[in-house]
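Okay, thanks for coming, everyone. Let me put the model up and we'll walk through it together.

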Amino acid sequence: MAQAHQPTSPDSGARSPGTGAASTRRNRLLRLGAPPVAATALTATVALYMTLVAFGNITDFGTNQQFVQHVLSMDTTFKDPDLMWRAVESRALQNAAYVTVIVWETLAALVLLTATWFWITGLRRDAYDRARAASTVGLVMVLLLFGAGFLAIGGEWFAMWQSSDWNGLDAAARNVALAAFTLLVVHLPAVRRAGAEQT
């Protein structure tokens, strides 16, 4: 006697056509919200910013050259005699300082661009440790430039905070905040765990 055909239950593992593909697409979209993707995007943002800053200073050398000269000469501060001995009036030293800043910006941009590439390749292969290390080096370079260089040395030693015309403290603070936030994201435990799961 022929057996009656039993209908397949929904829980039997059978899938309607296209369900697997939709699930795969959904999983790929969800991976865009993974911590390593955030680290990649933030590192790329700082890399792009530093690249444009360095490029701008190289191609438009004179604009920020004036900024450095005024800050170091302290000619737009309150000119307190107790502070003015700190002023650097040598044009050669001022230009040397500016060229040093541009070289530092360029190196930081190159390191961060390399770190971005490591993050991108790390989304497919095990490059997370290299990406994190390169990001850390580049971001610390940015923090040293804008934190130690502009906020501390420019802002306090050369009294840039007293100048209404040549004052870069707000811009420096924004750069420090962006680099510090990116550094925190890069070192989140979730980023490390996600990298370990890829190996």
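Before I go on, some housekeeping. This is a predicted model, where local features need pLDDT of at least 70, side-chain atom pairs count only at pLDDT 80 or more, and totals for chains, interfaces and linings use all residues. Residues are numbered from 1 along each chain as its sequence is written, and side-chain values use heavy atoms, with hydrogens and water left out.

Back to Thr43. Thr43 counts as buried because its relative accessibility is 0%; the cut-offs are under 20% relative accessible area for buried, over 50% for exposed, and partly exposed in between, with a 1.4 Å probe and protein chains only. The side chains of Thr43 and Trp119 make a polar contact of 3.5 Å. By polar contact I mean a pair of N or O atoms within 3.5 Å; within protein, one must be able to donate a hydrogen and the other to accept it, and residues adjacent in sequence count only if both atoms are side-chain atoms. If you skip the neighbours within four places in sequence, Thr43 is in contact (heavy atoms within 4.5 Å) with Leu112, Ala115, Thr116, Trp119, Ser135, Thr182 and Val186.

Now zoom out. The protein chain has seven helices and zero strands, and 35% of its 199 residues count as buried. Take the contacts between residues at least 6 apart in sequence: 75% of them join residues at least 24 apart.

Next, the end of H3. Ser73 sits in helix H3, and at 13% relative accessibility Ser73 counts as buried. Its side chain reaches the backbone oxygen of Gln69 at 2.8 Å. Leaving out neighbours within four places in sequence, Ser73 is in contact with Met84, Ala87, Val88 and Gln94.

Then comes Met74, in the loop between H3 and H4. Met74 isn't a glycine, yet has a positive phi of about 55°, and Met74 is buried at 1% relative accessibility. Ala159 has a positive phi of about 55° too, and is not a glycine either. Ala159 lies in the loop between H5 and H6 and is buried, with a relative accessible area of 2%.

Where do those two turn up again? Both Met74 and Ala159 line the largest cavity, along with His70, Val71, Thr76, Thr77, Phe158, Met160, Ser163 and Trp166. Its volume is about 30 Å³, and the structure holds one cavity of 30 Å³ or more.

Two or more lining residues come from each of H3 (61–73), H4 (91–122) and H5 (128–157), and H5 gives the most, with seven. There are 17 lining residues, and Ala97, Val101, Gly149, Phe150 and Ile153 lie nearest the centre. By class, that's 14 nonpolar, three polar and no charged.

Last topic, the rings. There are seven aromatic pairs, counting rings of Phe, Tyr and Trp (its six-membered ring) with centres within 6.5 Å; planes under 30 degrees apart are stacked, over 60 edge-to-face, and the rest tilted. Phe78 and Trp161 have ring centres 5.8 Å apart and planes at 80°, so they're edge-to-face. Phe78 lies in the loop between H3 and H4 and Trp161 in the loop between H5 and H6 (169–186), so the pair ties together parts 83 residues apart in sequence. Phe78 is exposed at 58% relative accessible area, while Trp161 is partly exposed at 45%. And Phe67, Phe146, Phe150 and Trp166 form one aromatic cluster.

That's my tour.

Definitions and conventions:
1 Å grid on protein atoms, 1.4 Å probe; cavity = no way out; pocket = protein on both sides within 12 Å on 5 of 7 lines; lining within 4 Å. Points joined across faces, edges and corners; volume = space filled by probe spheres on them. Helix = DSSP H or I, 4+ residues; strand = E, 2+ residues; numbered from the N terminus. Nonpolar A, V, L, I, M, F, W, Y, C, P; charged D, E, K, R; others polar.
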